[in-house]
Amino acid sequence: MDDRTFRNAMGKFATGVTIITTSVNNQVHGMTANAFMSVSLNPKLVLISIGEKANMNQRIKESGKFGISILTKDQQDMSMYFAGQLKEQRMIDFDWMQDIPVVPGSIANITCNVHATHQAGDHTLYIGEVLDIVVKDGDPLTFFEGKYRNLVNL
Ligand code: FAD
Ligand code: NAD
């Protein structure tokens with residue numbers, strides 16, 4: 001099967017969009033990700049999947065912790081920026097929850113310690129043990145068929 005068929009099929013699964021963040025030696029790194037899911041209520045665990053070529057991989061391995069910011073519909077440019085799709089370099093003013101950076105203005109910020117990792121093909125799965133959560137009102141940014149969408153009939 002070719003890659004495009006696989007990606008087209010996976011793109012039929014509508015998702016929200018997150019920015020994963022971590023900090024090593026006070027240097028923050030952020031990356032856009034939609035491979036995010038809730039895993040367990042007791043204990044509270046979540047999962048993200050990071051491609052082997054992403055700079056984020058090494059950073060999370062070093063820090064052992066990460067933040068997840070679930071984006072609002074007004075943060076599409078943030079999603080594009082942290083996916084490396086915008087040319088410019090920006091100064092981002094991150095919020096901090098304990099020692100973990102998160103993106104301000106998101107509908108949810110979740111901070112985690114790395115609970116387990118699993119190599120899966122060309123990605124690494126990180127299971128995060130949830131440390132803290134902040135939730136706000138707002139409409140989500142959504143991603144479907146490789147395009148950003150707005151939810152209707154909310
Ligand atoms: P880099 O390319 O190193 O960084 C991304 C951008 O953020 C660069 O412009 C960088 O300068 C900037 N940046 C980073 N930190 C800071 C900072 N502190 N201050 C200012 N600027 C900063 N890939 C996956 O592996 N898993 C996924 O689940 C996933 N989902 C995606 C969903 C969507 C909707 C999109 C568009 C992309 C997704 N990607 C995913 C692809 C991924 O976002 C890109 O490949 C990303 O560029 C790779 O991350 P990186 O760590 O190498 O980031
Ligand atoms: P796309 O059509 O490539 O993505 C559709 C869906 O395919 C995604 O939602 C994801 O579920 C899956 N997918 C895409 N690339 C993947 C990969 N390398 N590994 C595993 N699953 C993948 O959408 P697009 O707008 O062309 O994406 C923009 C860029 O972001 C592309 O370079 C894409 O590879 C990357 N991306 C990566 C992931 C990921 O690694 N999990 C997820 C989404 C997008």
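This is a predicted model: local features need pLDDT of at least 70, side-chain atom pairs count only at pLDDT 80 or more; totals for chains, interfaces and linings use all residues.
Local features were taken at pLDDT of at least 70 and side-chain atom pairs at pLDDT 80 or more, whereas totals for chains, interfaces and linings use all residues. Side-chain values rest on heavy atoms, with hydrogens and water left out, and residues are numbered from 1 along each chain as its sequence is written.

Ligand 1 sits in the largest pocket, a pocket being an open set of points on a 1 Å grid over the protein atoms alone, where a 1.4 Å probe fits, with protein on both sides within 12 Å along at least five of seven lines; a molecule sits in it if more than half of its atoms lie within 2 Å of its grid points. The shell around ligand 1 comprises 26 residues, each with a heavy atom within 4 Å, and His29, Thr32, Gly51, Asn55 and Tyr81 come nearest. By class, 14 are nonpolar, 11 polar and 1 charged, with Gly counted as polar and Tyr as nonpolar. Strand 3 (27-33), strand 5 (45-51), helix 2 (55-63) and helix 3 (76-82) each give two or more residues, and the largest share, 6 residues, comes from strand 3.

Among the polar contacts (N or O pairs within 3.5 Å), an oxygen atom of ligand 1 lies 2.6 Å from a side-chain N or O atom of Asn55, and an oxygen atom lies 2.9 Å from a polar backbone atom of Met56. A nitrogen atom of the ligand is 2.7 Å from a side-chain N or O atom of Tyr81.

An unreviewed UniProt entry annotates residues 10-150 as "domain: Flavin reductase like".

How values were computed: Chains are lettered from A and ligands numbered from 1 in the order in which they are written. A polar contact is a pair of N or O atoms within 3.5 Å; within protein, one must be able to donate a hydrogen and the other to accept it, and residues adjacent in sequence count only if both atoms are side-chain atoms. On a 1 Å grid over the protein atoms alone, a cavity is a set of points where a 1.4 Å probe fits but cannot get out, and a pocket is an open set with protein on both sides within 12 Å along at least five of seven lines; lining residues have an atom within 4 Å of a point. Helices (H or I, at least four residues) and strands (E, at least two) are DSSP runs, numbered from the N terminus. UniProt positions are given in the numbering used here, feature names are shortened, and annotations may be inferred rather than shown by experiment.
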